[in-house]
Amino acid sequence: MKARVTVTLKNGVLDPQGKAIEGALKSLGVEGIDGVRQGKVFDIELGTTDKAQAEAQLKAACEKLLANTVIENYRVEIA
Amino acid sequence: MKSAVIVFPGSNREGDMVRALTLAGSDAQKVWHAETELPKGTDLVVLPGGFSYGDYLRCGAIAGRATVMDAVRAHAACGGLVLGVCNGFQILCEAGLLPGILMRNANLKFICHRQYLRVERTDTAFTRNYTKGQAIDVCVAHGEGNYTADEETLKRLEGEGLVAFRYADAQGHITQDANRNGSMNSIAGIYSDKLNVLGMMPHPENLIEDLVGGTDGRGLFESLVSSFPKAA
């Protein structure tokens, strides 16, 4: 079973890297960009074929390590 | 006073830390991160600076969950002293021993320079040899030192006097220019609720000898050593 975990900064948390990327896009002449927030994507292989078990395992992975829930949100998608 | 300096893959300031502790009179030894226990009789645990696990995922995230950290958590829970410097501060935040997080510096640059800090209180084991409001001359070297916490946490830190050091000018004034990484409220270091855990971004261990340009960092190590009665 494959899954994708996306970790993003919570609203209101300052993202200097996103701001720098936003500035770089502007200086490259890419128009129409109102804001950029940088996040992380993890593609994960799971041994189980049980969806509920996979969800529980991925939740544990996110809470214990992949996201710092002080500043980040996470989203889990199971293929 | 017995201190244990924890070494993670990618730590690089453990040598200076052991030297600073030893010069102050501590019996300091290095402890590998895979250990499950601290050496018997450890009074102080130190998490030194560096780039543990290459700063992969988030600074300090993987080290914060290393095997030895359970022992460090237990040591702190019993009131034992813990000091985290630079990457060590990031590890303490990731391990849940201190609130908040160190984000990328606001100007996105790695900063490396001499830096004055204002000592906010001197009634702790870490700062008793300084004077309140003293501006100490140490240095900083980090890319992720921008202290960030939610409003409630910040209010609690300020309300309970848990801010240990702030970025200041040579006179001890808190100015925007002195706060080069963009930290909230110019925070350079914080204590845990019980004042037994200190995390700070600047490096006191770098400024302990005239040979390298200053000795203001000594006070912290001497404070720690003088907090313990001498072994017979």
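**View 1. Asn185(B) and its loop.** Asn185(B) is partly exposed, with 14 other C-beta atoms within 10 Å. The model shown here and in every other view is predicted. Asn185(B) sits in the loop that links β9 and β10 of chain B. Its phi is near 50 degrees, a positive value in a residue that is not glycine. Most residues other than glycine have a negative phi.

**View 2. Ser186(B), in the β9–β10 loop of chain B.** Is Ser186(B) buried or exposed? Ser186(B) counts as buried, because 20 C-beta neighbours lie inside 10 Å and the cut-off for buried is 20 or more. Phi of Ser186(B) is near 60 degrees. That value is positive, and the residue is other than glycine.

**View 3. His173(B), in the loop between β9 (163–168) and β10 (187–191) of chain B.** His173(B) has 13 other C-beta atoms within 10 Å, so it is partly exposed. The count for exposed would be 12 or fewer. Gln134(B) is 39 residues away from His173(B) along the chain. Their C-alpha atoms are separated by 9.9 Å.

**View 4. Cys139(B) in strand β7 of chain B.** The strand covers residues 135–142. Cys139(B) is buried, with 20 other C-beta atoms within 10 Å. Which residues does Cys139(B) touch, leaving out those up to four places away in sequence? One group is His113(B), Arg114(B) and Gln115(B), and these are among its contacts. The contacts also include Pro202(B), His203(B), Asn206(B) and Leu207(B). Met201(B) is 62 residues from Cys139(B) in sequence. From C-alpha to C-alpha, Cys139(B) and Met201(B) are 9.2 Å apart.

**View 5. Strand β1 of chain B, residues 2–7.** Five of the six residues of this strand are buried, so β1(B) is largely enclosed by the rest of the structure. Its partner is strand β2 of chain B, residues 27–32. Six bridges join β1(B) and β2(B), and the strands run parallel. Lys2(B) stands opposite Asp27(B) in β2(B).

**View 6. The strands of chain A, with β1(A) paired to both β2(A) and β3(A).** Chain A has two helices and three strands. Read from the N terminus, its elements follow the order β-α-β-α-β. How many bridges join β1(A) to β3(A)? There are seven, and the two strands run antiparallel. Within this pairing, Thr8(A) has Asn73(A) in β3(A) as its bridge partner. The pairing of β1(A) with β2(A) is antiparallel too, over six bridges. Here Arg4(A) stands opposite Asp43(A) in β2(A).

**View 7. Helix α2 of chain A, residues 51–66.** The helix has 16 residues. A straight helix of that length would span 22 Å at 1.5 Å a residue. Between its end C-alpha atoms, α2(A) spans only 20 Å. The buried residues of α2(A) are Ala54(A), Leu58(A) and Leu66(A). They cover an arc of only 30 degrees around the axis, which puts them on the same side of α2(A). What do the buried residues of α2(A) pack against? Their packing partners are β1 (2–9), β2 (40–45) and β3 (72–78) of chain A. On the face turned away from the buried side, α2(A) carries the exposed residues Ala52(A), Ala56(A), Ala60(A), Glu63(A) and Lys64(A).

**View 8. Chain A as a whole, 79 residues.** A compact globule of 79 residues would have a radius of gyration near 12 Å. Chain A has 16 Å. Along its principal axes, the C-alpha trace spans about 45 × 25 × 15 Å. Buried residues make up 11% of chain A. Contacts can also be sorted by their separation in sequence. Among those in chain A between residues at least 6 apart, 65% join residues at least 24 apart.

**View 9. The contact of chain A with chain B.** Chain B gives eleven residues to the contact, and chain A gives eight residues. Which classes make up the side of chain B that touches chain A? This side has five nonpolar, two polar and four charged residues.

Terms used
Residues numbered from 1 in each chain as written. Chains lettered and ligands numbered in written order. Predicted model: local features only at pLDDT ≥ 70, side-chain atom pairs only at ≥ 80, totals over all residues. Contact = placed C-beta atoms within 7 Å. Nonpolar A, V, L, I, M, F, W, Y, C, P; charged D, E, K, R; others polar. Helix = DSSP H or I, 4+ residues; strand = E, 2+ residues; numbered from the N terminus. Expected span 1.5 Å × (residues − 1). Arc of directions from axis to C-beta. Rg over C-alpha atoms; globule rule 2.2 N^0.38 Å. Pairing = 2+ DSSP bridges.
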